[in-house]
Amino acid sequence: MERWSGRVAVVTGASSGIGAAIAQELVKKGLKVVGLARRVERVQELANTLKSASGKLYPLKCDVTKEEEVKEAFQWVKANLGGVHILVNNAGVASDNTLSDGPVEKWRKILDLNVLALSMCTKEALQSMKEKGVDDGHIVHINSVAGHSVGDRLQMYSASKHAVTALTEGLRRELVNQKSKIRVTSVSPGAVTTEIAQASELAPEFKEMIKTIPHLESEDVADAVLYVLGVPPHVQIHELMIKPVGEAF
């Protein structure tokens, strides 16, 4: 990770859970980390705890489902920090619903955040890297085991994460065709102890079920991100799946 020290990372959904854990660990490794979130005050609270770290956390308010706010955020990064070297697309949402009943609004919310927002942030990060002449940048998508299977009442969430799997491979091929050394990685965790169950629109019985199964911690996913960033520049870790011991799906 030493080669990333002093460079710039953008982490979406940095206000809690996996995003906060990733932002924290990158700052400790000496990076300048821009934490994007709607609840920017929580990112500021995290930044206050990291003042003695070798890097720095910059809280920035941004709703990544809104294209104009995404563009403004990356313009801020360019103006204040010079551009982007790493993007971690972590922001996401889950809800239980069915394909026969919907509701459509839940579908739209899932796809807007898990697919379109991720793609918009990726586009802006790649443009920033190209403008800055960064040819060894890294895009990390926080995917899910749901991107490789289908769960009951989670079909649209699974579809959104299958899209992330496809977008990862699609971008890899695009970068190969461009003869770029920018890497892209999908990190697919199993169940993780985060606020997503509380923040997402899950039925009460679904939330109770989630409490009974084995879980990873946010720090486990952050460790996985550090690993994929830390391998030699010629190594492409395309997909990294991590599950808690005993996970049945």
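**Close-up views of a predicted model**

The model is predicted, so to speak of local features takes pLDDT of at least 70, side-chain atom pairs count only at pLDDT 80 or more, and totals for chains, interfaces and linings use all residues. Residues are numbered from 1 along each chain as its sequence is written, and side-chain values use heavy atoms, with hydrogens and water left out.

**View 1. The largest cavity and its lining.** The structure holds one cavity of 30 Å³ or more. About 40 Å³ of space lies in the largest cavity. T12, V64, N89, A91, L113, A117, L118 and C121 line this cavity. Helix α4 (residues 104-132) gives the largest share, four residues. On a 1 Å grid over the protein atoms alone, a cavity is a set of points where a 1.4 Å probe fits but cannot get out; lining residues have an atom within 4 Å of a point. Points are joined across faces, edges and corners, and a volume is the space filled by probe spheres set on the points. Ala, Val, Leu, Ile, Met, Phe, Trp, Tyr, Cys and Pro count as nonpolar, Asp, Glu, Lys and Arg as charged, and the others, Gly among them, as polar. Helices (H or I, at least four residues) and strands (E, at least two) are DSSP runs, numbered from the N terminus.

**View 2. Helix α3 against α4.** The axes of α3 (residues 67-81) and α4 come within 10 Å and cross at roughly 30°. Axes are lines fitted to C-alpha atoms over the stretch in contact, and angles run from 0 to 180 degrees between N-to-C directions. The two helices are therefore roughly parallel to each other (angles under 35 degrees). E67, V70, K71, F74 and K78 in α3 meet M120, C121, E124, A125 and E131 in α4 (heavy atoms within 4.5 Å). These contact residues divide into five nonpolar, no polar and five charged.

**View 3. The second largest pocket.** Its volume is about 180 Å³. A pocket is an open set of points with protein on both sides within 12 Å along at least five of seven lines. Residues of the pocket lining include L118, H141, L171 and Q178. The elements giving two or more residues to this lining are α4 and α5 (155-177).

**View 4. Two loop residues.** A cis peptide bond joins G102 and P103, with omega about 5°. P103 lies in the loop between β4 (86-89) and α4. R153 has a positive phi of about 65° although it is not a glycine. The loop between β5 (138-142) and α5 holds R153.

Conventions:
Parallel < 35°, antiparallel > 145°, perpendicular 65-115°, else oblique.
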